[in-house]
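Hello,

Here is the structure I promised to pass on. Please open it first, then read my notes below.

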Amino acid sequence: MSIPQIEIQFIAIIVAVACAIPGAFLVLRRMAMISDAISHAILPGIVIGFFITQDVSSPFLVLMAAATGVLTVVLVEIINRTRLVKEDAAIGLVFPALFSIGVILITRFAGDVHIDTHAVLVGELAFAPFNQLIINGNPMGPKSLWVMGGILVLSLVLLGVFYKELKISTFDPQLAASLGFTPVVIHYGLMTMTSITAVGAFDAVGAILVVALMIVPPAAAYLMTQSLNRMLVLSSVIGIAAAIAGYWIAHFLNVSIGGSMAAILGFIFLLIYFFAPKRGVISVLMRRKQQKLEFSMLTFLLHLRNHSIENSNPEEREVSHLTDHFQWTSKRAKEVLEFAENNNMIRIDDGMVELTDKGYSFTDEAMQYILTDKKNELESMKGRFLLFRAE
Amino acid sequence: MANLYALEVNDLTVAYRYKPVLWDIDMKIPQGILMGIVGPNGAGKTTLIKAILGLVQPVAGSVRIFGKPYKKARSKVAYVPQKGSVDWDFPTNVLDVVLMGTYGKLGWIKRPGKEEKKQALEALEKVGMLEFRHRQISELSGGQQQRVFLARALLENAEIYFMDEPFQGVDAITEKAIIKLLKELGSQGKTVIAVHHDLQSVPEYFDWVTFLNVKKVAAGPVKDIFNDDNLTKTYGINFQLSETPS
Amino acid sequence: MGWIEFIQELFTDYTSRTVILGTIVLGVVSGTLGTFAVLRKQSLLGDAISHASLPGIAIVFLLIGYKDPLLFLLGAIASGVIGTLWIRGIQQNTAIKSDTALGIILTVFFGLGIVLLTYIQRLPNANQAGLDSYLFGQAATLMMKDVIIMSVLGGISLLIVLLFWKEHKLLIFDAEYAQTLGFNTRFLDILMTSLIVVAIVLGLQTVGVVLMSAMIIAPAAAARQWTNRLSVMIIIAALFGAVSGIAGTAISTSTKNMATGPVIVLAAVFIVALSFVFAPNRGLLFRYINTLKKRKNHEHTPN
Ligand SMILES: Nc1ncnc2c1ncn2[C@@H]1O[C@H](COP(=O)(O)OP(=O)(O)OP(=O)(O)O)[C@@H](O)[C@H]1O
Ligand SMILES: [Mg+2]
């Protein structure tokens, strides 16, 4: 590996982690599309900032563009408050407008601005090593490495300091308000950090990939874990993996690095989407099927209990009665019957079904479990039946 | 037809995912009565109506309306949803919403014509909203919205009406007007089943009542079953009718 | 060149007439179906769909090796539909929230599209030139053939809107009620979403995948302010769409090096801003004057 190659991957990794941190909170707070809006809307800020500073990595430019990002959020909120349109439409109006202004500025002054419209979308990571930070005549590594490194450190520091506040205001805004730290401050803090990160990463990965790095790794991590800590770590790991794999695939196919990173993220997400142990689609669908079966059995047992031998006509307990009474297909009825029999809940005698003692006590327990919310007493049922485990 | 039940529910069980909401509900409702469904929040009242109308899929059980499954009896059924279930900022006016009541009979593609419009105006007259026919729906009060939905249901010209909290957010005068209308429907032999929250007025408004809390606690004529015992069973707390605040 | 001459030329010159015709079709179709999207609160779904259509276009090019507008449209529709279905899958089967699902599909499909586009650019195939005008749109590349395809597809869409008018209205306003009346709401939902996909895809060549969503949202959002009737709203939205299309195209084609998408979008958003302020009844100015009046009346009435 050549030095520029190492530098590029290093930048990609730092960008991935710097994006994953605010991204996790954006995903948890249902603000994914806001980050999409921010990453587009910072463009005019960047272009105008560039006219003034003539340097894409200038801290002034970063601040100025980040201000545009926060402005977008404010603008969306103002439009929302007029109630002239719904929130999603407000977002969908503001960022295309600002982004269009940015694109037009670039095309109008194409000669003066060293960004082209293509790079705006997916960045030019491959060129990053050519823009070196020079101190006393010595090259000190790519400028964007320093900028993004700085942003990452800032992000980590803020995360460390405000961890508790962020966590509580994300999972329980009411509690946060009652504890005295205003959700508004946290909200705008997060928006500011998102904007700064988006601006810093813009040069390297462009407007759309920034969003991919902010949203996709945390979303994938969310399917793997429910702990915030693990989600932060895991999304960083996923981001880093996509950064390195994306770089090499782009290298061998000679295609856009940014695009390739996003595509790899998509692939990782696809795998996790299907195969995540508890919250992946396959596991969810299988669990739903099992829950449905258990639930059907319970319904059936309850029916038997209501029509137990003493007090009702025997036809209610005939096997054949299942299909027409519950409107079940014969296949389903057979499944339920077998499941109940295998669990020793029922006895089948000569086409007549009867609850066993175990069936009786199970039905009582289950009803109690469902009708009251006294979970502790019946905690043991969770072990035995999926039905009583929340997703 | 007279010996048929207006509504027959057999062993109806409904769950959202793993969470059981209605459990083994049985009921047989004769024709021509006004029935209130009462129960605490989250008892499954809305779900019961939705399951009857085929809007949610039951885990087990069956529903018959005038002896037929819902799909075959659809033209005999009218529905008044909870008024919070739609976006009242939708760009349309009162008359237009009421006309939606004719869409079912019209079927696909055909548009409402003069005749339908005449019926819609009559329905609006009945609910006392005629003068508001051109009003944009976002400019209606809660009670007026409710009446618009009622007029829309009247237009369906049904035999059995399902209403989800028709008195929600309605002032006392409108409430009286609506109940008068419902009684009128009852006297024409139509069946009305309404979710209701104000326990005080149950004996005055309804012939029958169903107590619901996941399981059916009781169902029958108000004079037979509307008592502290059933209320306590339904609401879980010790209930004394005389002490309920209005 | 004065404005009058410029406009004259627009309508007499064959090329610009083609382009203008194309943008009018685009504006009308996206205004109409955008009204449905906005009223169903699916504005941002449009953004996801338009980004998701990019790989479809690239894959079609990789398969056939030349530019074919109709096949491009079909590829874009296919990939937009796959994106939409995956979004639904995420929403229904996982705990991930709706807007995150949109963000995932939007960025991932777009990234894949960019990979394919940059791959195509490296191919020794001279036909690929101009394929990346699908990013920000280039109205000048519209040919009569494109316009005919757009008109036919757009015309069919509008016909379907007209045919199922009352069903669509009912579905948007009260889907559950529609179901109790016996309408197949799943079919209607698929039909309407497909129409929205078609409307988006029709605009890709002119406005581009990045900004097309704004053409779905802006005309409808502006039109909503001027009327309280769905039919009138759709007509106004179509009109606004066409006007922003013409204005944007005129400005961008008369300026060197100017992508069409951003200009059309700015024109459309400008109309939205005007509508927000000046529309009677709903507009901010009207509301402001109203509150002033009320306050005055208040002062005059003795307590
Ligand atoms: N779409 C849904 N998905 C999951 N759970 C649901 C859904 N709709 C309702 N529930 C749950 O089902 C239970 C019954 O809800 P339902 O709306 O039928 O109650 P209700 O008796 O009408 O209450 P209310 O008096 O508040 O209107 C509630 O616990 C509710 O949380
Ligand atoms: Mg309810």
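**Where chain C meets chain A**

Between chain C and chain A, 13 residue pairs are in polar contact, with both residues at pLDDT 80 or more. Keep in mind that this is a predicted model. The count of salt bridges between chain C and chain A is zero.

Which elements of chain C give two or more residues to the side that touches chain A? They are helix 3 (43-52), helix 5 (69-93), helix 6 (98-122), helix 7 (133-136), helix 13 (212-224), helix 15 (260-278) and helix 16 (284-300) of chain C. Helix 6 of chain C gives the most, with 16 residues. By class, this side of chain C has 31 nonpolar, 15 polar and eight charged residues.

Now the extent of the interface. In chain C, 54 residues are in contact with 57 residues of chain A. The area buried between the two chains is about 4,800 Å². Carbon and sulfur atoms give 75% of that area.

**A helix pair within chain C**

Next, look at helix 9 (residues 165-173) and helix 11 (residues 185-202) of chain C. Their axes are 10 Å apart, and the helices pack at an angle of about 100°. Angles of 65 to 115 degrees count as roughly perpendicular, so helix 9 and helix 11 of chain C are roughly perpendicular to each other.

Which residues make the contact? Helix 9 of chain C uses E167(C), H168(C), L171(C) and I172(C). Helix 11 of chain C uses T185(C), L188(C), D189(C), L191(C), M192(C) and L195(C). By class, this contact has six nonpolar, two polar and two charged residues.

Best wishes

Methods
Residues are numbered from 1 along each chain as its sequence is written. Chains are lettered from A and ligands numbered from 1 in the order in which they are written. This is a predicted model: local features need pLDDT of at least 70, side-chain atom pairs count only at pLDDT 80 or more; totals for chains, interfaces and linings use all residues. Side-chain values use heavy atoms; hydrogens and water are left out. Contact means heavy atoms within 4.5 Å. Buried area is the accessible area (1.4 Å probe) that two parts lose on being put together, summed over both. A salt bridge is a side-chain nitrogen of Lys or Arg within 4 Å of a carboxyl oxygen of Asp or Glu. A polar contact is a pair of N or O atoms within 3.5 Å; within protein, one must be able to donate a hydrogen and the other to accept it, and residues adjacent in sequence count only if both atoms are side-chain atoms. Helices (H or I, at least four residues) and strands (E, at least two) are DSSP runs, numbered from the N terminus. Ala, Val, Leu, Ile, Met, Phe, Trp, Tyr, Cys and Pro count as nonpolar, Asp, Glu, Lys and Arg as charged, and the others, Gly among them, as polar. Axes are lines fitted to C-alpha atoms, for helices over the stretch in contact, and angles run from 0 to 180 degrees between N-to-C directions. Angles under 35 degrees count as roughly parallel, over 145 as roughly antiparallel, 65 to 115 as roughly perpendicular and the rest as oblique.
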